[in-house]
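Please examine the sequence and the structure shown below. The briefing that follows is arranged by topic.

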Amino acid sequence: MPASYTPKTRGAMADEHSHSQTIETNMSAAQATVGDVLATKGGDIIAIRPQDTVQHAVEIMSENRIGVVLVKDAQGALCGILSERDIVRQLAQTPGQTLPKTVDALMTTELKTTTMDETLVTVLRRMTDGRFRHLPVMEGEALIGLISIGDVVNYRLTALEYEALKLKQLIVG
């Protein structure tokens, strides 16, 4: 389908030159990438070590107001992720014994990751299907950021607000 294609609507009032959306605007929304999100939010990475205590992880998460912390080994390689959900599950299983444990006892080691060029639509589908809310962003073997489902939704809402503003300006002239 050529880029200039505009579907015609039925009825006497239809004007073949007016439409509320173009293929270009629909495609640009569909093709937004993880890199676009990181460009707006930044690539700050908060990480701890596998031998740190869960107590330390909880303090880091609380201080930074985050729901997940990445776990890196001594060489700086990503080796796991620890979420509030991981901690709560362990608290329910071993009340009063969770905080002194080491992070490596609770962290998720089978990591799902993404890349800068993966589309947001694909990322949202993976997060929803996998029932997780955070994805480390990798460039080869290097960790370059972390995105959450909230980051993706916020990016899309901002894009929709911008599109709505452009349409209002077009209508008002």
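**Helix H5 and its surroundings**

The buried residues of helix H5 (residues 120-130) are Leu120, Val123 and Met127; buried means under 20% relative accessible area, exposed over 50%, and partly exposed in between, with a 1.4 Å probe and protein chains only. Seen down the axis of H5, these buried residues fall within an arc of 60°, so they line one face of the helix; the arc is that of the directions from the helix axis to the C-beta atoms. The model is predicted: local features need pLDDT of at least 70, side-chain atom pairs count only at pLDDT 80 or more, and totals for chains, interfaces and linings use all residues. Residues are numbered from 1 along each chain as its sequence is written, and side-chain values use heavy atoms, with hydrogens and water left out.

**More on H5**

- An α-helix has 3.6 residues a turn, so residues three or four places apart point the same way.
- Val121 and Asp129 are exposed and lie on the face of H5 turned away from its buried side.
- The buried residues of H5 pack against helices H2 (34-41) and H6 (149-172) and against strands E4 (114-115), E5 (134-139) and E6 (142-148); contact means heavy atoms within 4.5 Å.
- Helices (H or I, at least four residues) and strands (E, at least two) are DSSP runs, numbered from the N terminus.

- Three strands form an open sheet in the order E4-E5-E6, and the pairing is mixed; two strands pair if DSSP finds at least two bridges between them.
- E4 and E6 are the edge strands, each pairing on one side only.
- E4 and E5 run parallel and are joined by two bridges; Thr114 has Val137 in E5 as its bridge partner.
- H5 packs on this sheet, touching E4, E5 and E6, and its direction makes about 135° with that of E5; axes are lines fitted to C-alpha atoms, for helices over the stretch in contact, and angles run from 0 to 180 degrees between N-to-C directions.

**The sheet E1-E2-E3**

- Another open sheet has three strands in the order E1-E2-E3, with mixed pairing.
- Strands E1 (47-48) and E3 (78-83) stand at the edges, each with a single partner strand, so one side of each is left without a neighbour in the sheet.
- E2 (residues 68-72) and E3 run antiparallel and are joined by five bridges; the bridge partner of Val69 in E3 is Leu82.
- Ser83 lies in strand E3 and counts as buried at 17% relative accessibility.
- Not counting residues up to four places away in sequence, Ser83 touches Met61, Gly67 and Val68.
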